[in-house]
Amino acid sequence: MSHPETSRAATGREAPAAHPIEPLIARRWSPRSFTGAPLPPGAIERLLEAARWAASSNNLQPWHFIVARRDAEKEAFERLLGVLSPNNQSWARQAGALLLSVARTHNPNNGNPLRHGWHDTGAATALLALQATAIGLQAHAMAGYDAAAARSAFGIPERFDPVAAIAIGEVGPPEALPEALAARETAPRQRRPIEEFAFFGGWRG
Ligand SMILES: Cc1cc2nc3c(=O)[nH]c(=O)nc-3n(C[C@H](O)[C@H](O)[C@H](O)COP(=O)(O)O)c2cc1C
């Protein structure tokens with residue numbers, strides 16, 4: 001397994017943070033160039049363990065992940081790849097693993113709608129992505145997939161929502177991508193400034 005400091009996982013892609021943040025957060029990004037290497041042994045367990053320790057409303061842990069590694073769950077990998085948008089398929093096929101996050105939508109204790117199912121599933125996915133960065137990999141979430149097709153392809157029952165597809169793997173060079181995608185791979189990383197999204201003391205539209 002490549003070491004995070006020496007791998008290309010975050011080379012030149014660190015977030016230009018306006019205030020000091022944890023280096024691990026700055027090094028996480030969403031690449032499209034993956035090498036096609038399978039995940040290193042033990043990696044998927046470490047990623048899922050990180051997700052496991054996310055906070056959740058009432059500790060209900062409403063997240064699930066369908067895991068399709070390119071070497072171990074080959075058929076599921078192709079099935080998940082098949083429900084991605086054509087644009088996402090073009091690069092995600094080189095990932096070491098494809099995951100589908102799925103959120104429980106109802107409280108299993110009383111059947112009430114679970115307002116924070118997607119929230120908590122996103123929180124678990126964020127921890128999974130940070131753990132990927134920490135071990136020299138990166139994760140790239142995708143909304144560009146057919147959720148109804150994913151539900152039927154994997155037999156996801158009612159009261160569970162497919163949330164995001166996630167490509168995970170070892171980062172490849174931008175040059176391995178077609179020109180348009182390569183340009184996005186090296187474009188400056190940008191964010192809205194804090195004052196645009198944080199309203200101190202009350203809502204300010
Ligand atoms: C829920 C979610 C859905 C996304 N969907 C896609 C997608 O379908 N295709 C894609 O190329 N990137 C997708 N992205 C990646 C975002 O474009 C990316 O996170 C954003 O541009 C910020 O870049 P960074 O993650 O490298 O900081 C998605 C990210 C998230 C969190």
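A polar contact is a pair of N or O atoms within 3.5 Å; within protein, one atom must be able to donate a hydrogen and the other to accept it, and residues adjacent in sequence count only if both atoms are side-chain atoms.

The structure is a predicted model, in which local features need pLDDT of at least 70 and side-chain atom pairs count only at pLDDT 80 or more, while totals for chains, interfaces and linings use all residues. Residues are numbered from 1 along each chain as its sequence is written, and side-chain values use heavy atoms, with hydrogens and water left out.

**Q138 and its strand**

Q138 belongs to strand β3. Helices (H or I, at least four residues) and strands (E, at least two) are DSSP runs, numbered from the N terminus. Buried means under 20% relative accessible area, exposed means over 50%, and partly exposed lies in between (1.4 Å probe, protein chains only). Q138 counts as buried because its relative accessibility is 0%.

**The ligand and its surroundings**

The shell around the ligand has 13 residues, and the closest are S30, H140, A143, R189 and R191. A residue is near a molecule or strand if one of its heavy atoms lies within 4 Å of it. The shell divides into 5 nonpolar, 4 polar and 4 charged residues. In this division Ala, Val, Leu, Ile, Met, Phe, Trp, Tyr, Cys and Pro count as nonpolar, Asp, Glu, Lys and Arg as charged, and the others, Gly among them, as polar.

A backbone N or O atom of A143 lies 2.7 Å from a nitrogen atom of the ligand, and a backbone N or O atom of A141 lies 3.0 Å from a nitrogen atom of the ligand. For G144, a backbone N or O atom is found 2.9 Å from an oxygen atom of the ligand. The protein buries 61% of the 620 Å² that the ligand exposes when taken alone; accessible areas come from the Shrake-Rupley method with a 1.4 Å probe, and for residues only the protein chains shown count as cover. Two or more residues of the shell come from each of the elements α4 (86–92) and β3 (138–142). The largest share, 3 residues, is that of β3.

**Salt bridges**

A salt bridge is a side-chain nitrogen of Lys or Arg within 4 Å of a carboxyl oxygen of Asp or Glu. In general, side chains of opposite charge can pair when their charged atoms come close. The whole structure holds 5 salt bridges, and the table lists some of them.

| Salt bridge | N to O distance |
|---|---|
| E49 and R52 | 2.8 Å |
| D161 and R151 | 3.4 Å |
| E196 and R192 | 4.0 Å |

E49 and R52 both lie in helix α2 (residues 43–52), 3 residues apart, about one turn of the helix. E49 is partly exposed because its relative accessible area is 36%, and R52 is partly exposed because its relative accessibility is 45%.

The pair formed by D161 and R151 in a salt bridge links distant parts of the chain, with D161 in strand β4 (residues 160–169) and R151 in helix α6 (residues 147–154), 10 residues apart. D161 is partly exposed at 24% relative accessibility, and R151 is partly exposed at 26%.

**Helix ends and loops**

D146 caps the N-terminal end of α6, where a side-chain oxygen of D146 lies 3.1 Å from the backbone nitrogen of A148. Just after α6, G155 takes a positive phi of about 65°.

Most residues other than glycine have a negative phi. N59, which is not a glycine, has a positive phi of about 55°. N59 is in the loop between α2 and β1 (63–69), and N59 is exposed, with a relative accessible area of 52%. R159, also a residue other than glycine, has a positive phi near 75°. The loop between α6 and β4 contains R159, which is partly exposed at 46% relative accessibility.
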